[in-house]
Amino acid sequence: MRLNNLHIRNFRNYDELSLDFHKNVVIFMGENAQGKTNLLESIYALALTRSHRTNNEQELIQWEKEQAFIKGNVQKEYTKVPLELFLTKKGRKTKVNHMEQKKLSSYIGQLNVILFAPEDLSLVKGSPQGRRKFLDMEIGQIDPVYLYESAQYQKILKQRNQYLKQLAEHKQTDELYLDILSEQLIDHGSKVLFARQQFVKQLEYWANQLHQKISQSKEHLTIIYRSSIPGDHWADEQTVKETYAQEIEQVKGKERLRQVTLAGPHRDDMSFLVNEKDVQTFGSQGQQRTTALSVKLAEIDLIKEETGEYPVLLLDDVMSELDDSRQLHLLETIEGKIQTFLTTTTLKQVKDKMSVEPEIFYIRQGQLEGEDV
Ligand SMILES: Nc1ncnc2c1ncn2[C@@H]1O[C@H](COP(=O)(O)OP(=O)(O)OP(=O)(O)O)[C@@H](O)[C@H]1O
C-alpha cells in the first residue's frame, strides 16, 4: 500500500499543509525543530490514531487550537481508501471512506505503517515496558481482535488492581467479586498471551533471516517471549487459559499483600539471543543495533504476509545513527517496493547513498519551502 497524499490542519506546528506523493522514497529535509518529525507523526497518527512520541494526544493539537485534523488517501492494490482523523480536546473521531467509524478496530489496519526512530535502536536494551508497547502496537495493526482484547485486558486489570487495594483497606469485602474479575482477566489475558506468542514466532522467523544477512551469516537470532505465566510454548489458547488460571491461584496470597495483579501480559517481556547468548546482557552495542534493525525490518515481511500488502515505512533520522553496512541494508530494503518517508538534516549524505531518485520536501517552521519533483 502507499499514501497518495496528506492534508493536515492545526497539527503540532502546522497551520495547514497539503502534500501529494508521487515517488516511492519521500524525504522531509530541514534544520532541527522545523517540523519534520511532526509530519511523520501525522502519518503515524493517521494510521494508528495515536502518536509514537506521547500518550497524550492533546499534545498533537496546535497550541491554542480546539482540534487537529489529518486526512490521507491510501492506495491499496485494488482500492483507494480515504482516511480522516479528527483530534479534539474531548477525544478522537475517525472516518473511512467518509463514514464515521465507531470501533477503533474497523479503522486501524486501513493504513499499515512501521516507524523507525533512533530510540528503536534501544529496543533490545531498553525497558520491558518499551518491548511490550512494541508488541501491542505491531500486533494491533495486523489483528483488530488483539486490539480489542488488549484494551479489555487493560480495563479489567485496572479494575482488579483497584479492587485488591479496596479489599486490603477493608472498603470492600466481597471476595466473590474478585473471582469474577480474575475470570475476566484470564479470559482476555490468555488471548493476548497466545497472540503475542504466535507473533514472536513469526517475528523470529523473518528477523533471523535479516540478522544472518547483515552479520554475513556469522550470527543466528532467537527471540523468546518471556511470560509471567509458566511455559513459553503453549499449544493453544485453552492451554494458556488453564496455565494462567493456575498461576493466578498460586499468587493469590501475594497479590492480597502487595495489592496488585502479579501475573499476566502486563508483566511479560521478550529476550533476544544472538548465537544462544542474551544480547541484552552479553551483546556488543553493534549486535544490539543489528538485532533492533533486523526486528524492525522483519515487520515489513510480516505485515506483507499477514495483510497481503507492504506497509508504509517511516524513518525518523535513523540513517545518521547507523554505520555504513547497516545503512546499506536499510537502503536495500527501502529502495524496493515499499513506500518510505524519511527525515534528515543532512540531505546530501542520505541522497548520495540512494540508487533511486527521491521526492524532496524542504520544511521550515511548519511550512513547505519548495518542492523538488
Ligand atoms: N502542539 C504544538 N503546537 C505548536 N507547535 C508545536 C506543538 N508541538 C510541537 N511544536 C513545535 O514543533 C517543533 C518541533 O518539530 P519536530 O519535532 O517535527 O522537529 P524536527 O524538524 O523533526 O527536528 P529535529 O531534527 O530536531 O528532530 C518545535 O518547534 C515545537 O515547538
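## Ligand surroundings

In this predicted model, 15 residues surround the ligand, and the closest are Asn13, Asn32, Lys36, Thr37 and Asn38. By residue type, the shell around the ligand divides into ten polar, three charged and two nonpolar residues. Helix H1 (residues 36-48) supplies the largest share of this shell, namely three residues.

## Binding site in the record

An unreviewed UniProt entry lists a "binding site" made up of Gly30, Glu31, Asn32, Ala33, Gln34, Gly35, Lys36 and Thr37. Two of the listed residues are described here in more detail.

Gln34 sits in the loop between strand S3 (25-29) and H1. Gln34 has 21 C-beta neighbours inside 10 Å and therefore counts as buried, since the cut-off for a buried residue is 20 or more. Not counting residues up to four places away in sequence, Gln34 touches Ile363, Arg364 and Gln365.

Lys36 belongs to helix H1. Lys36 also counts as buried, because 24 C-beta neighbours lie inside 10 Å. Apart from neighbours within four places in sequence, Lys36 is in contact with Phe28, Gly30, Thr343 and Ile363.

## A three-stranded sheet

Three strands form an open sheet in the order S9-S10-S11, with antiparallel pairing. Strands S9 (221-226) and S11 (277-278) stand at the edges; each has a single partner strand, so one side of each is left without a neighbour in the sheet. Helix H4 (residues 175-214) packs on the sheet and touches S9 and S10. The direction of H4 makes about 165 degrees with that of S9.

Strand S10 (residues 269-274) pairs with S11 over two bridges in the antiparallel sense. Val274 has Lys277 in S11 as its bridge partner.

Note on methods:
Residues numbered from 1 in each chain as written. Predicted model: local features only at pLDDT ≥ 70, side-chain atom pairs only at ≥ 80, totals over all residues. Pairing = 2+ DSSP bridges. Helix = DSSP H or I, 4+ residues; strand = E, 2+ residues; numbered from the N terminus. Contact = placed C-beta atoms within 7 Å. Axes fitted to C-alpha atoms, helices over the stretch in contact; angles between N-to-C directions. Near = placed C-beta within 6 Å. Nonpolar A, V, L, I, M, F, W, Y, C, P; charged D, E, K, R; others polar. UniProt positions renumbered as here; feature names shortened; annotations may be inferred. Buried ≥ 20, exposed ≤ 12 C-beta atoms within 10 Å, placed from the backbone.
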